[in-house]
Amino acid sequence: MSDSKIESVFAWEALDSRGTPTVACEVRLAGGASGTATAPSGASTGTHEVHELRDGDDRYGGQGVRSAVASVNGALRSGVMGLDAADRSGIDRALREIDGTPNLGRLGANATLAVSISAAIAAAAAAGLPLYRTLLDSDPLLPMPMVNVVSGGAHARGAGVDVQDFLVVPVGATSFSQAIEWAWRVRRATEEIARERGLAASLVADEGGLGLALESNRAGLEVLVEGMERSDLVLGADVAIAVDIAATQLVSAAGYELASEGRTLDSSNLIDELECWCRDFPIVSLEDPLAEDDWEGWAEITRRLGARIQLLGDDLFVTNPARLLRGVEEEVANAVLVKPNQIGTLSGALEAVELAHSAGYATVVSARSGDTEDSWLADLAVGWRAGQIKVGSTTRSERTAKWNRLLRIEAELGDGAAFAGRAALAP
């Protein structure tokens with residue numbers, strides 16, 4: 001048997017960064033190499049994502065994953081035993097065929113993803129290469145980081161902000177290490193400002209951002225700008241802003257509800273507001289400015305802002321090539337957020353990346369709010385030449401694990417470390 005053939009697969013129930021159960025998996029190969037991965041999980045999830053299998057019983061409030069673990073240790077293990085771990089598309093195709101449903105609803109996307117990633121890591125170990133070196137034939141590219149500074153919405157339950165995240169983008173940095181240091185400066189300065197205002201700066205949200213009880217959504221932009229200015233960085237030239245509206249979470253029967261402000265807006269009014277923000281603040285990226293099925297609203301905001309602002313689809317596309325293809329055909333958005341657990345396999349996520357690049361869309365590889373101490377996501381961003389990465393703030397070890405992996409890759413590449421920089425952003 002070849003050294004890269006799968007010899008054993010073993011899964012168990014683990015905990016993610018929110019203390020919620022998730023699936024961990026180890027794949028071991030005939031030659032002795034192994035790979036381990038733990039599936040992440042989101043809080044603000046799109047309805048078009050593949051299915052995450054939960055037990056629904058009394059354990060962990062119904063969030064246990066023993067059923068998904070059984071999927072791995074049963075049908076999925078039997079289906080991939082003896083396959084070559086280096087054949088990622090073959091393994092992922094087998095995983096989908098074993099499940100047999102379009103949304104991985106029988107065995108669970110949390111189960112298939114854990115196997116898919118573990119096998120890829122094991123194959124890289126067998127080849128004696130870092131994971132990013134095994135992903136594409138082209139040269140590696142270190143991504144521009146989007147770094148969470150202030151959080152609200154589903155990521156900071158109890159904070160007085162509807163918008164999910166306000167992030168710093170170090171657009172003027174010339175290396176990844178410089179970019180992450182600038183982002184660290186901004187977060188530290190913003191925290192100082194919050195403390196001076198008497199805000200609860202000790203409240204850290206799911207992704208490490210500051211969960212501040214602000215008087216309005218616009219105030220999130222204002223406090224972030226103050227943090228940038230205190231950091232002795234030039235607005236727009238050194239650092240800019242990305243905003244994750246997570247608009248699907250705002251939808252009510254009446255429209256888009258800004259509950260903290262007592263306002264409800266229709267699509268055009270929300271676009272008017274966001275256009276005003278982009279005029280008043282150095283915003284370079286808006287993520288999910290409209291809801292997942294508001295295709296008309298997305299078309300309108302793309303016409304109005306798409307020539308100068310990155311319009312990033314998360315719930316809109318859910319890393320699904322079919323939904324992304326619709327967006328390309330209808331000229332909706334200009335960038336796609338890539339979350340492997342939204343599609344359930346590594347090759348499924350890569351298909352979305354390749355489609356986006358062929359259509360001229362920017363790509364942002366992203367972690368989830370319920371993430372793990374794994375660092376493989378950093379390798380995906382580098383090996384896929386995604387150009388951008390979004391994993392949270394500069395605090396919490398499940399976040400810094402990804403930043404630290406990128407810092408190591410940059411150090412190992414030395415003078416040959418190419419950094420995407422501002423050019424990675426759409427348009």
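Two strands are taken to pair if DSSP finds at least two bridges between them. Strands (E, at least two residues) and helices (H or I, at least four) are DSSP runs, numbered from the N terminus. The model described here is predicted, so local features need pLDDT of at least 70 and side-chain atom pairs count only at pLDDT 80 or more, while totals for chains, interfaces and linings use all residues. Residues are numbered from 1 along each chain as its sequence is written, and side-chain values use heavy atoms, with hydrogens and water left out.

Eight strands form a closed barrel in the order S4-S5-S6-S10-S11-S12-S13-S14, and the pairing is mixed. On average, neighbouring strands of this sheet are turned by 25° against each other, direction ignored. Strands of a sheet pair through backbone hydrogen bonds, either parallel or antiparallel.

Leu-167 has Ala-242 of S6 as its bridge partner, and Asp-165 stands opposite Asp-244 in S6. Strand S4 (residues 144-151) also pairs with S5 in the antiparallel sense, over four bridges; here Val-147 is found opposite Val-168 of S5.

In a regular strand the side chains alternate between the two faces of the sheet. In S5 both faces are covered: Asp-165, Leu-167 and Val-169 on one side, and Phe-166 and Val-168 on the other, are all buried (under 20% relative accessible area with a 1.4 Å probe, protein chains only; exposed is over 50%, partly exposed in between). Because five of its five residues are buried, S5 is largely enclosed by the rest of the structure.

Turning to the helices, the axes of H2 (residues 88-99) and H3 (residues 109-127) come within 10 Å and cross at roughly 160°. Axes are lines fitted to C-alpha atoms, for helices over the stretch in contact, and angles run from 0 to 180 degrees between N-to-C directions. H2 and H3 are therefore roughly antiparallel (over 145 degrees; under 35 is roughly parallel, 65 to 115 roughly perpendicular, the rest oblique). Their contact (heavy atoms within 4.5 Å) involves Arg-88, Ile-91, Asp-92 and Leu-95 of H2 with Thr-112, Val-115, Ser-116, Ala-119 and Ala-120 of H3.

Helix H4 (residues 176-196) and helix H12 (residues 397-413) have axes that come within 9 Å and cross at roughly 150°, which makes H4 roughly antiparallel to H12. Phe-176, Ser-177 and Ile-180 of H4 meet Trp-403, Leu-406, Leu-407 and Glu-410 of H12 in this contact.
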